[in-house]
Amino acid sequence: MKYIFSVLASVCLCVPMSAQHAGTIDCEAHEHADTCIEINEVVVTGLTGTTKMKNSPSPISVVNFSDLRRQSSTNIVDALARQPGMAQITTGGGISKPVIRGLGFNRVVVVNDGIRQEGQQWGEEHGIEIDGENVNSVEILKGPASLRYGSDAMAGVVIFHDAPMLSEDGLLTSLSAGYQTNNGLFDYSLAMQGREGRLFWNARWSQKAAHAYKNRYDGYVYGSQFGEQALTGLLGLHHVAGQSVLRLSAYHTSPGIVSPSPSLPEGEGDAGSRVSYGHPSTYQQIYHYKAVLDNTFYLGSGSLKALLGYQQNRRHEFEDYEGALDLHLHTVNYELHYHQPLGEAWKLVTGVNGMWQQSKNCGEEYLIPDYRLFDIGLFATTSYDAERWHVSGGLRADRRSLTSFALEEDGEMRFEPFRRHFTGVTGSIGTIYNITDRWNIRLNLSRGFRAPNISELGSNGEHEGALRYEVGNHNLKPEYSLQSDLGIDFSSHFISAQLSLFANRIDHYVYIKGDGKEVTGDDGDNVPIFSYAQGDAFLYGGEVNVEMHPVRGLHVDNSFSYVCARQLHQPRASRWLPYTPAPRWNCDVRYELPSPLPWGGAGLFPFLGMGMELNFRQNHFYEVNETETATPSYTLFNMNAGTDLNIHGKRRATLTFNVQNLFDRAYQNHLSRLKYASPSKPPRREGENPVTGRTGIFNMGRNIAINLSIYI
């Protein structure tokens, strides 16, 4: 594996797309669209505006509605983690953070409702505050996307799209409900959308609750329960000048903080507490509120987009049911850009975007200082489409200013005040050549930029969720990356294959490491000290994907993902970057009945699928002070089945049945934070868990899920 360059797998789409990805999939001369795997007409959100997937030099994957609903997951990032090039940093079933090609945290920008999601995402145990039931499709942009999204989009961008609006006047109501056996997760979602003339709207309420999950070694994992509620709404108007849309959302989640020992904390009652849906003794309460006004105005042959958003994130941690850390984050996002076609082949996009941010400590314990941030970016992108050549690129200039405020605690200075300014110039240039109607070759070169976040610069406190004391570094430099991508893809009616290779050099890469020292924590226990450092890094690898339809209704999908991430000029113990996913091979086989089964006056469209996920051994890990350890290989098998119910040509119900980890394999994923949970407070990993005889906590065991959706 050491010298392998595999790479990019995108998704083969043979089902109707959402309006935001709408396009006709070319199935000429073939009887059934479900066996056609052409991707040429799929429209995606590229760095230079909307474009056809075949014309994007940057690797992009799309996960559509059917793909999302065909599998079971505990959160929306978990539903994407098996995509080629994707992984997740997890803390039990309720918290997942996206990782793209070995890079995560603030190096991945998440876009929802048209703006970047901002919710203290620097934290390891901080998830994504998004209602998965409100997601209709997802785009995954792999590689530096600073050109369009500014600082932080160094690894790529995950873009969540909601459902398209009704195309004609009327009202549509949908209700979905599901249950998962392993952690007793039940969820339901009620949505309504309507249209009358130029006015359109929708609303959704979702709720989810789960008790502790279990596996063969740990039994029920105390503290892994969580709850979630979300309310979203949209009001839009088509007018003479264009379109205006107002989106509102309120999201609340209360994940527990996992107890490292399977034995219950003193005073927590008997083992029945493990299947309680109530709060454990240590847990979080997160509230995220959002309002986004999105306007599009038609000006001549071009269009002007004006977007303004406000987000409020409130993160409160409780220890022994008493409040501790309490962070309030306010964010204002803005964007103004103009799209101008220049003849039939050229198009130009110019604009400005950025955000204002303010965070304040309102609790009794502190990890990061109060701060205020403002950034602004100017960008210009262009693209040219010839008969077989497609060229795109652009430039961007960013300026970020951060002011951190002083804070005294018990007469001592806890946080020193400081101010930092970061500037970056980024760009991208790429080309695609359509060798034939079925063969494409693509090449892209891009430069990324990321300013250090407030945790990296100014943290000074015990991070309860991470089981350590963190110390920031005021003098960190911004990260700069230079990445090259090379891709080749082939598509026909019966087979689609894509290969994508990447090499990424990052200067001043920021990482956290153990110092081998300890301090006395807030509860009197010893806590290991971790601090932030920098070094140069080099990542390479990629993904390969082959999807075949040998006979009508049969889908065979194989994908392989690999990334090698190392620090330059370092000894072996500190050579490999932390949080690097292991090489992974996915194989999925699914059969969909080509013709519907008659059922009264309706038709059933059943499917049956089997899947295998092989995670190879990860020997590349950051060894200093046992920050990470090697992870053995493991193989998981999954099964899914279900059917759509169509009445008079319209889908009225969907029933799905999934079994994850079919053979109840006990395993630890390399990016699971619970893999490093010690049986007691630090020093970490000093001994085995006295109950299980094993170090750390294992991932979820066998999980059976059933879901029913009804459309009225």
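This is a predicted model: local features need pLDDT of at least 70, side-chain atom pairs count only at pLDDT 80 or more; totals for chains, interfaces and linings use all residues.
1. Residues are numbered from 1 along each chain as its sequence is written, and side-chain values use heavy atoms, with hydrogens and water left out.

2. Strands are DSSP runs (E, at least two residues), numbered from the N terminus, and two of them pair if DSSP finds at least two bridges between them. β3 and β8 run antiparallel and are joined by four bridges, and the bridge partner of Ile 60 in β8 is Leu 141.

3. Strand β10 (residues 170-180) pairs with strand β11 (residues 185-196) in the antiparallel sense over 11 bridges, with Thr 173 standing opposite Met 192 in β11. Four residues lie between β10 and β11 in this hairpin, and Gly 184 in the turn has a positive phi of about 60°. β11 in turn pairs with strand β12 (residues 199-210), again antiparallel and over 11 bridges, and here Gly 194 is opposite Trp 201 in β12. The hairpin of β11 and β12 has two residues between the strands, and Gly 197 in the turn has a positive phi of about 65°.

4. A nonpolar core is taken as a set of buried Ala, Val, Leu, Ile, Met, Phe, Trp, Tyr and Cys residues joined through side-chain atoms within 4.5 Å, and buried means under 20% relative accessible area (1.4 Å probe, protein chains only), against over 50% for exposed and in between for partly exposed. The largest nonpolar core has 31 residues, and those with the most contacts inside it are Leu 68, Leu 80, Val 138, Val 158, Phe 160 and Leu 539. Two or more residues each come from β6 (108-112), β8 (137-142), β9 (156-161), β30 (495-520), β31 (526-548) and β32 (554-567), and β30 gives the most, with four residues. Leaving aside its neighbours within four places in sequence, Leu 80 is in contact with Val 63, Leu 68, Met 86, Val 138, Val 158 and Phe 160. A second, separate core of 22 residues includes Leu 325, Leu 373, Leu 402 and Ala 451.

5. Ile 529 has its place in strand β31 and is buried, with a relative accessible area of 14%. The C-alpha atoms of Ile 529 and Lys 517 are separated by 5.5 Å, although these residues are 12 apart along the chain. Beyond its neighbours within four places in sequence, Ile 529 has contacts that include Tyr 469, Val 471 and Lys 517.

6. Leu 636, in strand β36 (residues 634-647), is buried, with a relative accessible area of 7%. Not counting residues up to four places away in sequence, Leu 636 touches Gly 611, Met 612, Glu 613, Asn 661, Arg 665 and Tyr 667.

Notes
Contact means heavy atoms within 4.5 Å.
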